[in-house]
Amino acid sequence: MLPRPVVLNCLARTCCINAANTARSMQQPGLTFVLAPALRFLYPDRGARERAFARYGGHSNTHAFMIPLYAGILLSLETQIARGSLPESAVHSVRDTLATTLSALGDSFFSGTLRPLWALSSVSLLLSGHIVLTAVLTAALLLLVWLFRAVTFFAGLRHGMHVLLKLKRLDLINWGDTLKMINAALVALILWQLTPTSAMPFPWLAYGLATSALLAAAWLVGRMHLPRILLWALTLGMLILMDEGLIGM
(Lines give C-alpha, C1' and ligand atoms only; values in the text may rest on other atoms or scores of the structure.)
Protein backbone atom coordinates (compact mmCIF):
# COMPACT_ATOMS: atom_id res chain seq x y z
CA MET A 1 0.00 0.00 0.00
CA LEU A 2 2.94 2.32 0.63
CA PRO A 3 4.85 3.44 -2.49
CA ARG A 4 8.54 2.56 -2.72
CA PRO A 5 9.88 6.16 -2.35
CA VAL A 6 7.94 6.56 0.90
CA VAL A 7 9.20 3.23 2.24
CA LEU A 8 12.83 4.01 1.35
CA ASN A 9 12.46 7.47 2.89
CA CYS A 10 11.30 5.93 6.18
CA LEU A 11 14.15 3.39 6.11
CA ALA A 12 16.75 6.11 5.51
CA ARG A 13 15.33 8.16 8.38
CA THR A 14 15.91 5.30 10.84
CA CYS A 15 19.59 6.31 10.73
CA CYS A 16 18.63 9.59 12.41
CA ILE A 17 16.56 8.13 15.25
CA ASN A 18 18.88 9.41 17.99
CA ALA A 19 19.45 12.83 16.41
CA ALA A 20 16.69 14.36 18.54
CA ASN A 21 16.25 12.82 21.99
CA THR A 22 14.57 14.35 25.00
CA ALA A 23 14.92 13.40 28.65
CA ARG A 24 11.17 12.93 28.98
CA SER A 25 10.11 11.19 25.77
CA MET A 26 13.50 9.74 24.70
CA GLN A 27 13.30 8.72 21.01
CA GLN A 28 9.78 10.08 20.43
CA PRO A 29 10.87 13.01 18.17
CA GLY A 30 13.07 10.70 16.11
CA LEU A 31 10.38 8.03 15.79
CA THR A 32 7.84 10.59 14.61
CA PHE A 33 10.40 11.83 12.07
CA VAL A 34 10.87 8.26 10.80
CA LEU A 35 7.15 7.57 10.40
CA ALA A 36 6.13 11.01 9.10
CA PRO A 37 6.35 10.30 5.32
CA ALA A 38 4.21 7.18 5.63
CA LEU A 39 1.65 8.79 7.95
CA ARG A 40 1.22 11.72 5.57
CA PHE A 41 0.60 9.30 2.70
CA LEU A 42 -1.72 6.96 4.59
CA TYR A 43 -3.91 9.71 6.06
CA PRO A 44 -4.69 12.42 3.51
CA ASP A 45 -7.56 13.58 5.76
CA ARG A 46 -6.24 16.17 8.21
CA GLY A 47 -8.17 14.88 11.22
CA ALA A 48 -7.07 11.28 10.72
CA ARG A 49 -3.48 12.43 10.14
CA GLU A 50 -3.44 14.44 13.35
CA ARG A 51 -4.73 11.44 15.32
CA ALA A 52 -2.05 9.27 13.72
CA PHE A 53 0.75 11.63 14.75
CA ALA A 54 -0.79 11.94 18.22
CA ARG A 55 -0.45 8.17 18.67
CA TYR A 56 3.32 8.69 18.79
CA GLY A 57 3.36 11.67 21.13
CA GLY A 58 4.36 9.72 24.23
CA HIS A 59 7.54 8.10 25.50
CA SER A 60 9.34 5.83 23.06
CA ASN A 61 12.72 4.12 23.40
CA THR A 62 14.29 1.00 21.97
CA HIS A 63 17.69 -0.17 20.78
CA ALA A 64 19.04 1.79 17.81
CA PHE A 65 19.78 -1.37 15.78
CA MET A 66 16.21 -2.62 16.32
CA ILE A 67 14.58 0.65 15.24
CA PRO A 68 14.11 -0.44 11.58
CA LEU A 69 12.23 -3.56 12.69
CA TYR A 70 10.23 -1.53 15.19
CA ALA A 71 9.35 1.09 12.58
CA GLY A 72 8.48 -1.56 10.00
CA ILE A 73 6.02 -3.25 12.36
CA LEU A 74 4.43 0.08 13.29
CA LEU A 75 4.04 1.00 9.62
CA SER A 76 2.42 -2.38 9.00
CA LEU A 77 -0.09 -1.67 11.77
CA GLU A 78 -0.74 1.85 10.47
CA THR A 79 -1.35 0.48 6.97
CA GLN A 80 -3.98 -1.89 8.37
CA ILE A 81 -5.54 0.92 10.41
CA ALA A 82 -5.73 3.15 7.34
CA ARG A 83 -7.35 0.28 5.44
CA GLY A 84 -9.87 -0.22 8.24
CA SER A 85 -8.65 -3.70 9.19
CA LEU A 86 -7.58 -2.64 12.69
CA PRO A 87 -8.86 -0.06 15.18
CA GLU A 88 -6.71 2.96 15.97
CA SER A 89 -6.16 1.64 19.50
CA ALA A 90 -4.17 -1.31 18.11
CA VAL A 91 -0.95 0.73 18.10
CA HIS A 92 -1.29 1.75 21.76
CA SER A 93 -1.71 -1.87 22.88
CA VAL A 94 1.59 -3.08 21.38
CA ARG A 95 3.90 -0.07 21.00
CA ASP A 96 5.39 0.13 24.49
CA THR A 97 5.66 -3.64 24.99
CA LEU A 98 7.23 -4.09 21.57
CA ALA A 99 9.78 -1.34 22.18
CA THR A 100 10.83 -2.84 25.53
CA THR A 101 11.16 -6.36 24.09
CA LEU A 102 13.26 -5.24 21.13
CA SER A 103 15.37 -3.02 23.38
CA ALA A 104 16.24 -5.94 25.67
CA LEU A 105 17.15 -8.10 22.68
CA GLY A 106 19.27 -5.38 21.10
CA ASP A 107 21.08 -4.57 24.34
CA SER A 108 21.89 -8.24 24.93
CA PHE A 109 23.00 -9.24 21.44
CA PHE A 110 24.38 -6.09 19.82
CA SER A 111 25.63 -3.91 22.69
CA GLY A 112 26.49 -6.70 25.13
CA THR A 113 27.89 -9.29 22.73
CA LEU A 114 28.55 -8.29 19.11
CA ARG A 115 30.13 -4.91 19.83
CA PRO A 116 32.56 -6.34 22.43
CA LEU A 117 33.37 -9.14 19.95
CA TRP A 118 34.34 -6.55 17.34
CA ALA A 119 36.34 -4.50 19.88
CA LEU A 120 38.25 -7.47 21.28
CA SER A 121 38.92 -8.93 17.83
CA SER A 122 40.20 -5.56 16.64
CA VAL A 123 42.50 -5.15 19.64
CA SER A 124 43.94 -8.64 19.13
CA LEU A 125 44.48 -8.06 15.41
CA LEU A 126 46.09 -4.66 15.99
CA LEU A 127 48.43 -6.12 18.61
CA SER A 128 49.46 -8.65 15.96
CA GLY A 129 50.06 -5.88 13.43
CA HIS A 130 47.13 -6.76 11.12
CA ILE A 131 45.86 -3.24 10.45
CA VAL A 132 44.31 -3.98 7.04
CA LEU A 133 42.56 -7.09 8.36
CA THR A 134 41.13 -5.04 11.23
CA ALA A 135 39.69 -2.53 8.75
CA VAL A 136 38.22 -5.36 6.65
CA LEU A 137 36.62 -6.94 9.75
CA THR A 138 35.13 -3.59 10.78
CA ALA A 139 33.72 -2.95 7.31
CA ALA A 140 32.28 -6.49 7.12
CA LEU A 141 30.54 -6.19 10.49
CA LEU A 142 29.13 -2.77 9.58
CA LEU A 143 27.81 -4.21 6.32
CA LEU A 144 26.18 -7.12 8.18
CA VAL A 145 24.56 -4.77 10.69
CA TRP A 146 23.16 -2.55 7.92
CA LEU A 147 21.93 -5.61 6.07
CA PHE A 148 20.20 -6.79 9.25
CA ARG A 149 18.56 -3.38 9.67
CA ALA A 150 17.27 -3.30 6.08
CA VAL A 151 16.04 -6.92 6.07
CA THR A 152 14.23 -6.58 9.41
CA PHE A 153 12.62 -3.29 8.32
CA PHE A 154 11.09 -4.83 5.21
CA ALA A 155 10.17 -8.00 7.11
CA GLY A 156 8.34 -5.94 9.76
CA LEU A 157 6.60 -3.89 7.07
CA ARG A 158 5.47 -6.99 5.19
CA HIS A 159 4.59 -9.39 8.02
CA GLY A 160 3.77 -7.06 10.92
CA MET A 161 3.73 -8.68 14.35
CA HIS A 162 4.17 -12.13 12.82
CA VAL A 163 7.80 -11.27 12.08
CA LEU A 164 8.52 -11.68 15.80
CA LEU A 165 8.02 -15.43 15.39
CA LYS A 166 10.64 -15.44 12.63
CA LEU A 167 12.95 -13.38 14.82
CA LYS A 168 12.51 -15.88 17.64
CA ARG A 169 13.71 -18.67 15.32
CA LEU A 170 17.00 -16.83 14.86
CA ASP A 171 17.66 -17.58 18.54
CA LEU A 172 19.81 -14.48 19.04
CA ILE A 173 19.88 -15.00 22.81
CA ASN A 174 21.63 -18.39 22.57
CA TRP A 175 23.89 -17.05 19.82
CA GLY A 176 24.81 -14.31 22.25
CA ASP A 177 25.72 -16.84 24.94
CA THR A 178 28.06 -18.62 22.52
CA LEU A 179 29.68 -15.39 21.37
CA LYS A 180 30.26 -14.34 24.98
CA MET A 181 32.36 -17.46 25.44
CA ILE A 182 34.36 -16.41 22.37
CA ASN A 183 34.75 -12.94 23.89
CA ALA A 184 36.17 -14.49 27.05
CA ALA A 185 38.66 -16.48 24.97
CA LEU A 186 39.64 -13.28 23.13
CA VAL A 187 40.30 -11.54 26.46
CA ALA A 188 42.61 -14.41 27.41
CA LEU A 189 44.35 -14.13 24.03
CA ILE A 190 44.86 -10.38 24.47
CA LEU A 191 46.35 -10.92 27.93
CA TRP A 192 48.74 -13.41 26.31
CA GLN A 193 49.67 -10.87 23.64
CA LEU A 194 50.27 -8.15 26.25
CA THR A 195 52.64 -10.32 28.29
CA PRO A 196 56.25 -9.24 27.60
CA THR A 197 58.05 -11.87 25.54
CA SER A 198 61.18 -11.23 27.57
CA ALA A 199 59.47 -12.32 30.79
CA MET A 200 61.35 -15.39 31.96
CA PRO A 201 60.20 -17.68 33.21
CA PHE A 202 56.71 -17.24 31.74
CA PRO A 203 54.05 -17.35 34.52
CA TRP A 204 52.25 -20.37 33.09
CA LEU A 205 50.44 -21.26 36.30
CA ALA A 206 49.10 -17.75 36.93
CA TYR A 207 48.10 -17.32 33.29
CA GLY A 208 46.42 -20.73 33.19
CA LEU A 209 44.46 -20.07 36.37
CA ALA A 210 43.41 -16.60 35.20
CA THR A 211 42.31 -17.93 31.80
CA SER A 212 40.36 -20.78 33.39
CA ALA A 213 38.66 -18.39 35.80
CA LEU A 214 37.77 -16.05 32.94
CA LEU A 215 36.25 -18.82 30.82
CA ALA A 216 34.40 -20.21 33.85
CA ALA A 217 32.96 -16.77 34.60
CA ALA A 218 31.79 -16.43 30.98
CA TRP A 219 30.15 -19.85 31.18
CA LEU A 220 28.41 -19.01 34.47
CA VAL A 221 27.06 -15.74 33.06
CA GLY A 222 26.15 -17.12 29.64
CA ARG A 223 24.73 -20.53 30.54
CA MET A 224 23.77 -20.34 34.21
CA HIS A 225 22.73 -16.67 34.03
CA LEU A 226 24.66 -15.87 37.20
CA PRO A 227 24.49 -12.12 37.93
CA ARG A 228 27.63 -10.40 36.66
CA ILE A 229 27.61 -8.03 39.62
CA LEU A 230 28.18 -11.03 41.91
CA LEU A 231 31.26 -12.08 39.94
CA TRP A 232 32.58 -8.51 40.01
CA ALA A 233 32.07 -8.42 43.79
CA LEU A 234 33.96 -11.71 44.24
CA THR A 235 36.79 -10.52 42.00
CA LEU A 236 37.04 -7.22 43.84
CA GLY A 237 37.08 -9.05 47.16
CA MET A 238 39.90 -11.32 45.98
CA LEU A 239 41.95 -8.32 44.78
CA ILE A 240 41.49 -6.55 48.13
CA LEU A 241 42.60 -9.65 50.04
CA MET A 242 45.63 -9.98 47.75
CA ASP A 243 46.50 -6.30 48.26
CA GLU A 244 46.32 -6.76 52.03
CA GLY A 245 48.58 -9.78 51.82
CA LEU A 246 45.95 -12.15 53.17
CA ILE A 247 46.10 -14.21 49.96
CA GLY A 248 49.42 -14.92 48.29
CA MET A 249 50.01 -15.53 44.63
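## Overall make-up

The protein chain holds ten helices and zero strands, where helices are DSSP runs of H or I with at least four residues, strands are runs of E with at least two, and both are numbered from the N terminus. Read from the N terminus on, the elements run α-α-α-α-α-α-α-α-α-α. This is a predicted model, in which local features need pLDDT of at least 70 and side-chain atom pairs count only at pLDDT 80 or more, while totals for chains, interfaces and linings use all residues. Residues are numbered from 1 along each chain as its sequence is written, and side-chain values use heavy atoms, with hydrogens and water left out.

Of the 249 residues of the protein chain, 38% count as buried; buried means under 20% relative accessible area, exposed means over 50%, and partly exposed lies in between, with a 1.4 Å probe and protein chains only. Among contacts (heavy atoms within 4.5 Å) in the protein chain between residues at least 6 apart in sequence, 72% join residues at least 24 apart.

## Helix H1

In helix H1, which spans residues 4-13, the buried residues are Val 6, Val 7, Cys 10, Leu 11 and Arg 13. Seen down the axis of H1, these buried residues fall within an arc of 165°, so they line one face of the helix; the arc is that of the directions from the helix axis to the C-beta atoms.

The buried residues of H1 pack against H2, H4 and helix H6 (131-159), whereas the face of H1 turned away from its buried side carries the exposed residues Arg 4 and Pro 5.

## Helices H2 and H4

Helix H2 (residues 28-42) and helix H4 (residues 67-83) pack at an angle of about 25°, with their axes 11 Å apart. Axes are lines fitted to C-alpha atoms, for helices over the stretch in contact, and angles run from 0 to 180 degrees between N-to-C directions. H2 and H4 are therefore roughly parallel to each other, as angles under 35 degrees count as roughly parallel, over 145 as roughly antiparallel, 65 to 115 as roughly perpendicular and the rest as oblique.

On the H2 side, Leu 31, Val 34, Leu 35, Ala 38, Leu 39 and Leu 42 meet residues of H4, namely Tyr 70, Ala 71, Leu 74, Leu 75, Glu 78, Thr 79 and Ala 82.

## Ala 36

Ala 36 has its place in helix H2 and is buried, with a relative accessible area of 5%. Leaving aside its neighbours within four places in sequence, Ala 36 is in contact with Arg 13 and Phe 53. Ala 36 and Ala 52 are 16 residues apart in sequence and 9.6 Å apart in space, C-alpha to C-alpha.
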